[in-house]
Amino acid sequence: MTVHPVVITGEPVLHRRAAEVVNFDDELRTLIADMVETNDAANGVGLAAPQIGVGLRIFVYRYANDDGAPEQGVLVNPTLLLSKVPGSAPDPDEEVEGCLSVPGLHFPLKRADYAKVSGFDGYGQPVSFEASGWFARVMQHEYDHLDGKLYVDKLNDRYTRKAKKAIKASGWGVPGASWMPGVDPDPFGH
């Protein structure tokens, strides 16, 4: 298994829809193992393939939950069925997200509280479970990566301005920026 660099906002693969996986083979399973290793080294709760520069519809996660879903897993070609996203402003204390591809930054974002998650594992076997609360948030966050969206793309106007300013100040928003989990300092201080 190999830990890969995590690409940062501005890298084109993060901003376009990822392709469906068509071959469930050893190459795919090696990629999944590398993603798990990279996510663990980054102290992440989830990692999508585009975040390591691979434009495929895959994400891995590690999140303890009360929904009966595995604490660690992979979803290949996933679909999500969501409850309604409340129209209220996000709580700046309780609904704050971060992202390995926008390292070190946190902003509030309103999300659906429930997700019905379906997809496949690395062998092409069906996977299906329900997620609620923060686990549902993790599923939505990772799924968005597969559609070329980062959480900072979905912020309200107030937080969008703050995010753009912070991204620009960090020199991101252009291709070529990355960080190496397990080598570079943890941007979230874990």
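Reader: What volume does the largest pocket have?

Author: The largest pocket has a volume of about 380 Å³, a volume being the space filled by probe spheres set on grid points that are joined across faces, edges and corners. This is a predicted model, in which local features need pLDDT of at least 70, side-chain atom pairs count only at pLDDT 80 or more, and totals for chains, interfaces and linings use all residues. Residues are numbered from 1 along each chain as its sequence is written, and side-chain values use heavy atoms, with hydrogens and water left out.

Reader: What makes a set of points a pocket, and a residue part of the lining?

Author: On a 1 Å grid over the protein atoms alone, a pocket is an open set of points where a 1.4 Å probe fits, with protein on both sides within 12 Å along at least five of seven lines; lining residues have an atom within 4 Å of a point. The largest share of this lining, five residues, comes from α2, a helix being a DSSP run (H or I, at least four residues) and a strand another (E, at least two), numbered from the N terminus.

Reader: Why are β7 and β8 called paired?

Author: Two strands pair if DSSP finds at least two bridges between them. β7 (residues 114-120) and β8 (residues 126-132) have seven, in the antiparallel sense, so they count as paired. Lys116 stands opposite Glu130 in β8.

Reader: What span is expected of helix α1?

Author: The rule is 1.5 Å times one less than the number of residues. Helix α1 (residues 26-41) has 16 residues and reaches 22 Å from first C-alpha to last, close to the expected 22 Å.
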